[in-house]
Amino acid sequence: MTIDIAFIFEALIEISKVLPLTLFMAVTPVLLGIFIGIIVAFVRIQQTKILAPLLNFYVSFFRGTPIIMHIMLVYFGIPIVVDVISITFKLEFQSSSIPILLFVILALTLSAGAYTSEIIRSGILSVPKGQLEAAYAVGLTFSQAMRRYILPQAFSKSIPNFTNVLIGFLHATSLAFFLSVKELTGVANIVASINLKFLEAFIAVGLIYWGVSAIIEWLAHRIEKRVTAYSKGGI
Amino acid sequence: MANDFDFTLIAKVLPILLQYLPVTLEILVFATFFGMLLGIVIAIPKLLHIPVLKHIITIYISFIRGTPVLVQLFLVFYGIPALLKLVHIDVTRMDAMYFVIITYTLSNSASFAEIFRAAILTVDRGQMEAAYSVGLSGIQAFLRIVLPQAIRVAFPNMANTMISSLKDTSLAFSIGVMDMVGRGETLIASTTRALEIYLALSIVYYVIVMLLEKGLKLNERYLNRYMPKEATSS
């Protein structure tokens, strides 16, 4: 078997058609995950009773198990819950009508929530306590201080970590292939199976992931430079 | 489809899955060991600024970090036989285990190389100069002065890489390795109870990740035993 270079280009074009779907599958969970992450991080920092130990377990479980397990657990677990609810309330809704994509996004969101909450927590804890005290001293409330002083600093410090998470979840979308979602890896497998050229198709999809990851990294680097401009030093 | 969730099934399949835990750990141990070796080898050209080699390695690292492990698995699985066919070696019947170990070695080596490089750069240049001034040779100074300090810095990141590598081994089944997840898939086929078996698998993974994390934390504390208290508290 020799490598068919021309087919790599062909596959590249064919596979990159589903790039928007893959990006959607990667970006949505991370954005939703940031919301979950902020809430979880606050509860854990404040050490709220009952809720904090529960969320500790949530974070450690999702960080301690492979993402493919989250996808499978959501895919096989949620339909059972939905069916039970729909039978008890006599709804006309059936779990089989939920698109697979939704399960994947839900699973990735839960997973992203756990990862981002750790990032946000360490980001918030990295802001010196004096900042909060200074904000109190000029008469701000807790939520004002958080929104205007602490969180912006925490987020700007966490940009490299968020980039890693975004790239990590871009790569995690490849796991949706096991549920035969037509994202990059899934389409690559289809293209490969139709033409019986597996190596070429996977080289093509590898190049796409690589390119997208490189672009995300470059963008993040530019954003980071701009956002952290205030702490550059000098006058 | 009957949807009654069966807790006893989880208890029933756990021992069966645990029989395949050694396979998962075997992948982890080999991939970490060879990954570290390869990581050291590819960190050297970047540290010594060897012209062309440095750029090739930068591209290699960026490719490995820019692609999902799943795609890397497929690339190795289809790519290595194709490459070896050029020199007339037929490996298409080789055990899939080797492909898995090769993939995770490559994937770990990129992370380890970056970790080692960053760690060695954190050691102050003055340390090397001080070592020279008391008459150590270059290799002695590196092995006795710089490396122990670099390992201390690198260890938490190495531990993270090992843990994510352990979680990545869950994909080995996709090219046909009979590890825990692979056995789980066959159990699903025979029992048709996917949720319970994935839950059992998650429990096993969670427990071994937690144990590994605890072990690595202890080791980290051991490496930090000479550090003043403030520095180790973080």
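## Basis of the description

Residues are numbered from 1 along each chain as its sequence is written, while chains are lettered from A and ligands numbered from 1 in the order in which they are written. Because the model is predicted, local features need pLDDT of at least 70 and side-chain atom pairs count only at pLDDT 80 or more, whereas totals for chains, interfaces and linings use all residues; side-chain values use heavy atoms, with hydrogens and water left out.

## Chain A

Chain A contains nine helices and zero strands; helices (H or I, at least four residues) and strands (E, at least two) are DSSP runs, numbered from the N terminus. Its C-alpha atoms fill a box of roughly 70 × 60 × 30 Å along the principal axes.

Of the 235 residues in chain A, 47% are buried, where buried means under 20% relative accessible area, exposed over 50% and partly exposed in between (1.4 Å probe, protein chains only). Contact means heavy atoms within 4.5 Å; among the contacts in chain A between residues at least 6 apart in sequence, 80% join residues at least 24 apart. The accessible surface of chain A is about 12,300 Å², with 69% belonging to carbon and sulfur atoms; such areas come from the Shrake-Rupley method with a 1.4 Å probe, and for residues only the protein chains shown count as cover.

## Chain B

Chain B has 10 helices and zero strands. The box filled by its C-alpha atoms is roughly 75 × 55 × 25 Å, again along the principal axes.

Among the 234 residues of chain B, 43% count as buried. For contacts in chain B between residues at least 6 apart in sequence, 77% link residues at least 24 apart. Chain B exposes about 12,400 Å², and carbon and sulfur atoms supply 67% of that area.

## The largest nonpolar core

A nonpolar core is a set of buried Ala, Val, Leu, Ile, Met, Phe, Trp, Tyr and Cys residues joined through side-chain atoms within 4.5 Å. The largest one has 143 residues, of which Ile15(A) and Phe169(A) touch the most other members. Helix α5 (residues 96–122) of chain B gives the largest share of this core, 13 residues.

Leaving aside residues up to four places away in sequence, Ile15(A) touches Leu184(A), Val187(A), Ala188(A), Val191(A), Ala201(A), Ala204(A), Val205(A) and Ile208(A).

## The second largest pocket

The second largest pocket has a volume of about 780 Å³. Of its 27 lining residues, the closest to the centre are Leu47(B), Ile120(B), Leu121(B), Phe142(B) and Val146(B). On a 1 Å grid over the protein atoms alone, a pocket is an open set of points where a 1.4 Å probe fits, with protein on both sides within 12 Å along at least five of seven lines, and lining residues have an atom within 4 Å of a point. Grid points are joined across faces, edges and corners, and a volume is the space filled by probe spheres set on the points.

Helices α2 (21–48), α5, α6 (125–133) and α7 (138–168) of chain B each supply at least two lining residues, and α7(B) contributes the largest share, nine residues. By class, the lining has 21 nonpolar, two polar and four charged residues; Ala, Val, Leu, Ile, Met, Phe, Trp, Tyr, Cys and Pro count as nonpolar, Asp, Glu, Lys and Arg as charged, and the others, Gly among them, as polar.

## Two individual residues

Thr32(B), in helix α2 of chain B, is buried, with a relative accessible area of 8%. Beyond residues up to four places away in sequence, Thr32(B) touches Asn108(B), Phe112(B) and Met162(B).

Ile100(A) lies in helix α5 (residues 100–126) of chain A and is partly exposed, with a relative accessible area of 29%. Not counting residues up to four places away in sequence, Ile100(A) touches Tyr75(A), Leu179(A) and Val181(A). The C-alpha atoms of Ile100(A) and Ala176(A) are separated by 9.0 Å, although these residues are 76 residues apart along the chain.
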